[in-house]
Amino acid sequence: MFHKTKSLAHTAMALTIGAGAAHAQEAEVIHFWTSGGESAAISVIAEAFEERGGNWVDNAIAGGSAARGAAINRIIGGDPSTAALFNTSQQYHEIIGEGLLNDIDGVANRNDWDNVLPAPIVDAIKVDGKYYAAPVNIHMPLWLWYSSDALQEAGIESPPETMEEFFAALDALQEAGITPLALGGQRWQENLLFSAMMTNVGGHDLWTSVYADKDEAAINSPEFREVIETFIRLKQYVDDASPGRNWNDTTAMLISDEAGFQFMGDWAKGEFKQADQEIGVDYGCLPGLRADSPYVLGGDVFVFPRTDDPAQIEAQTMLVETITAPDVQVSFNNLKGSIPIRSDVDATALDECAALGMEILSDPSRQAPDASQMMEEYVYGSVQDIITELWNTDMSVDEAVSRFDSALRN
Amino acid sequence: MSVAELIAPAARRPVTSQQLWGRIGIYAFLGAMTLFFLLPLYVMVVTSLKTMDEIRLGQIFALPRELTFDAWKVAWSSACTGLDCTGLRVGFWNSVEILIPSVVLSILLGALNGYALSFWKVRGGNVLFACLLLGAFMPYQVFIYPLVRFYAQAGIYGSLPGVVLTHVIFGMPVMTLLFRNYYSGLPTELFKAARIDGAGFWMIFFTIILPMSVPITIVAVIMQVTAIWNDFLLGLVFAGRENLPMTVQLNNIVNTTTGERAYNVNMAATILTSLVPLAVYLGSGRWFVRGIASGAVKG
Amino acid sequence: MQTAQLTWHVRRNAVAYLALLPMAAIVVFAYLGTMAWSIRLSFSSSRLLPRNDFVGFAQYTELFGTSRWLTSLENFAFIAVFFLAICFVLGTLLAIFIDQNVRAEGLFRTAFLYPYAMSMVVTGLMWQWILNPDLGIERTMRDMGFSGFVLDWVVNSNTVLYAVVLATVWHGAGLVMALLLAGLRGIDTDLWKATRIDGIPAWRVYAFIILPILRPMIVTSLVLLSISIVKMYDLIVAMTNGGPGNASEVPAKFIMDNLFERANIGLATAASTTMLVTVLLIIAPVLYSQYLGKKGSSA
């Protein structure tokens with residue numbers, strides 16, 4: 001009912017203000033950014049869109065899969081939204097294959113996306129030579145966060161730079177009676193921790209040869225075994241109450257100095273900021289535990305369901321331009337905790353961690369695709385099932401390897 | 001006049017110590033169980049009345065030190081979901097709009113089915129009924145995709161009629177079961193007499209059967225109000241953006257992916273969302289048992 | 001005269017058939033249609049969108065090679081058995097105790113029945129909170145000085161199913177109580193007098209005389225509870241999200257995850273078909289004997 005009155009009000013406004021002029025482009029956007037910081041971030045886009053004369057109709061649904069499910073159902077039901085927040089894995093390719101998305105090549109070519117965007121992002125969104133999605137941010141999911149006070153209390157002089165130093169720090173924290181590693185025992189968080197071991201113990205090559213190439217030799221290699229062993233070794237540093245804990249409650253353990261480290265995406269920054277913590281003083285961020293640690297490019301994209309309505313197509317085009325505009329990119333990503341999708345933006349407005357991320361990103365050899373982009377959803381799902389079982393049971397390394405092998409190469 | 005009075009100490013007879021201990025045992029058991037059943041409600045109410053600072057102390061069973069109703073206000077009128085900061089109140093009215101036609105239609109159809117199945121010889125009726133009951137055991141999720149397709153073709157996808165029809169479909173097995181069993185326990189004399197008098201199908205249904213259905217209808221209303229009001233999935237998928245029920249907003253408030261969790265607001269929002277079915281239970285619990293007792297759920 | 005009667009007979013039956021048309025349409029399209037459709041898809045290679053190819057039993061082979069599915073099935077069996085058994089025993093006890101002519105009967109009845117008005121999501125969230133070692137009972141007990149107190153059901157793979165059963169029993173026991181209480185109220189007082197004269201102990205009367213009389217009530221309550229247990233999804237998502245690890249995964253969640261999150265319709269429909277067949281094998285004989293068998297011909 002509220003929505004009805006709201007759009008009525010907008011229509012009335014459009015009639016009185018813009019009488020005779022072009023009708024405001026109405027765009028209904030399905031997204032799953034419902035929390036405080038996320039809402040603030042998306043409102044940057046909404047405001048910029050309205051400034052350009054559009055009319056943003058917000059449709060927020062909590063939970064990525066619920067929102068994507070709703071978007072897909074709306075498409076199948078013949079009543080698609082103008083745009084929807086989405087991911088770029090197999091679902092994306094399949095709905096493109098069915099002809100359910102409009103391409104946005106016009107805007108993309110006009111803005112030279114081929115050269116402005118990092119290569120892994122282009123690879124992810126470009127299908128059969130056409131762009132079907134507008135990237136909105138780059139999230140690096142594998143940052144290592146630490147509580148400066150907790151580290152200090154455990155007598156750790158400087159944050160670790162290698163895996164050896166990391167384990168030494170974990171031991172020191174344990175001795176000081178502080179939970180060394182904060183982990184929320186949910187499937188995706190356990191998976192995130194495993195990914196961090198893949199990139200930090202295994203490195204860039206192992207990351208892509210196991211997940212993207214599904215190479216038999218790599219899966220059965222000593223390096224991959226070492227990843228699994230290191231992952232198992234971490235179990236002893238996690239507290240008993242870990243299972244089921246939300247990631248932000250886990251971050252709160254660092255904020256209150258109850259725990260030393262947490263692997264989490266750059267969105268964790270928002271939690272520290274909300275608690276009035278300062279980067280470099282109260283907490284710190286490490287992009288990896290080896291000099292050449294890969295910078296994994298996760299992130300969100302908007303897709304634009306198929307429509308022949310010229311007004312809707314115009315609204316879609318305007319949305320793409322708004323989302324990817326440099327000024328919108330900077331202010332949006334500052335609020336979201338991620339970094340802009342394009343390198344030609346003013347980096348001075350970014351915080352320390354984001355600036356570090358931008359710097360690493362400028363080295364193409366460290367750019368790595370997100371795990372979800374290297375596998376189809378159901379394969380990735382099985383992989384996550386194995387990881388969570390590996391973490392929560394006494395599965396042996398041999399069994400884990402053979403389970404990975406059959407899940408990936410099936 | 002039941003067991004109760006036989007076991008209960010009658011006023012005239014002296015109370016033996018065995019009987020006394022028996023009474024104490026009965027009350028002790030019921031008391032302990034009451035505590036167990038009320039515990040979650042207590043925690044919810046108490047938490048909703050605390051400030052976040054107090055909640056962070058972690059004593060979930062403690063009474064609030066300073067009582068505040070702010071969380072309730074926020075939950076009702078200003079909690080944010082996405083860009084809209086209008087709380088649950090929008091969803092409340094949407095839920096009411098979905099609830100009323102869904103409850104009325106599903107109960108009417110259930111009564112009609114039960115009546116036709118138990119009083120009229122309809123070939124294949126029992127087979128239909130068996131299929132329906134079996135369908136009740138399928139997870140909703142299986143139905144969603146084909147129904148979305150079907151609704152899209154019928155032009156009711158993402159609309160109020162769409163979501164109402166969905167509730168009617170999924171409420172039908174239990175509603176038909178209730179009414180069919182109730183009617184098969186009714187005496188058939190009235191029905192036969194009416195038929196001899198020449199009354200037709202609808203005539204008998206509206207003038208004789210429906211007036212006799214009050215007890216079971218109360219049971220049906222209670223069950224449907226609970227099921228439909230608490231539904232999240234069907235509302236999310238079929239209602240369309242402008243009719244999203246309160247539970248979807250509750251989910252948006254409670255299950256935000258990131259950001260600080262305001263537990264007091266979450267609890268207040270949860271209680272607010274549960275108020276309608278709770279009120280129905282508190283108001284009609286006695287009728288629920290009576291409705292069933294009057295033969296409502298005979299086999 | 002005879003022809004007129006026959007015509008009348010046909011016409012009045014025609015109305016009954018007509019009245020059952022909505023039900024027939026829903027059974028055919030919404031239930032049988034979707035079931036057939038999903039069985040069909042379980043033999044295809046469908047991922048995000050349905051495909052019309054045929055891959056034989058490949059999805060089933062994969063399904064039964066998936067350890068998470070096997071765990072889900074085991075968990076389902078565990079939860080179903082303990083949930084039904086405990087609900088039945090507790091609900092029966094509550095009903096019998098309330099029937100002992102206790103004071104404040106309304107209060108007890110409401111306290112036991114109100115959880116049934118709460119949604120599964122709320123139930124799951126509440127118990128997750130109360131059983132969480134960081135926040136709930138364990139922490140409170142430790143703060144009170146019992147430093148060795150452990151109640152970590154929710155976070156322990158070996159015990160998480162107890163926590164799930166606890167929450168579901170909290171939700172469903174009141175329904176059994178209400179149904180059986182209604183049944184007890186309907187029992188002829190002469191029966192009690194007779195057993196008292198014969199000097200049969202009360203517990204034997206309940207076990208061997210009363211409960212068999214209440215069989216229809218018991219079956220109905222078990223059918224209603226079984227429907228909720230087969231569909232159990234929301235509660236698990238809210239309470240444990242299947243964790244720790246896969247320790248509390250259930251079939252409905254497996255189906256849901258594969259339908260939406262993992263875009264694997266083929267596997268999801270194979271799983272739902274498996275569930276359908278399982279339910280058919282277990283439930284069909286019960287439903288048949290209770291609702292159709294003896295009455296099928298006389299209804």
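The largest nonpolar core of this predicted model has 308 residues; such a core is a set of buried Ala, Val, Leu, Ile, Met, Phe, Trp, Tyr and Cys residues joined through C-beta atoms within 7 Å. A residue is buried if 20 or more other C-beta atoms, placed from the backbone, lie within 10 Å of its own. Among the residues with the most contacts inside the core are Trp145(A), Ala269(B) and Ala178(C). Helix H8 (residues 160-185) of chain C gives the most to this core, with 18 residues; helices are DSSP runs (H or I, at least four residues) numbered from the N terminus. Leaving aside residues up to four places away in sequence, Ala178(C) touches Phe288(B), Val289(B), Ile292(B) and Leu113(C), a contact being C-beta atoms, placed from the backbone, within 7 Å.

Residues are numbered from 1 along each chain as its sequence is written, with chains lettered from A and ligands numbered from 1 in the order in which they are written. Because the model is predicted, local features need pLDDT of at least 70 and side-chain atom pairs count only at pLDDT 80 or more, whereas totals for chains, interfaces and linings use all residues.

Between chains A and C, 24 residues of chain A are in contact with 25 residues of chain C.

Buried residues make up 53% of the 410 residues in chain A.

Technical notes. Contact = placed C-beta atoms within 7 Å. Buried ≥ 20, exposed ≤ 12 C-beta atoms within 10 Å, placed from the backbone. Helix = DSSP H or I, 4+ residues; strand = E, 2+ residues; numbered from the N terminus.
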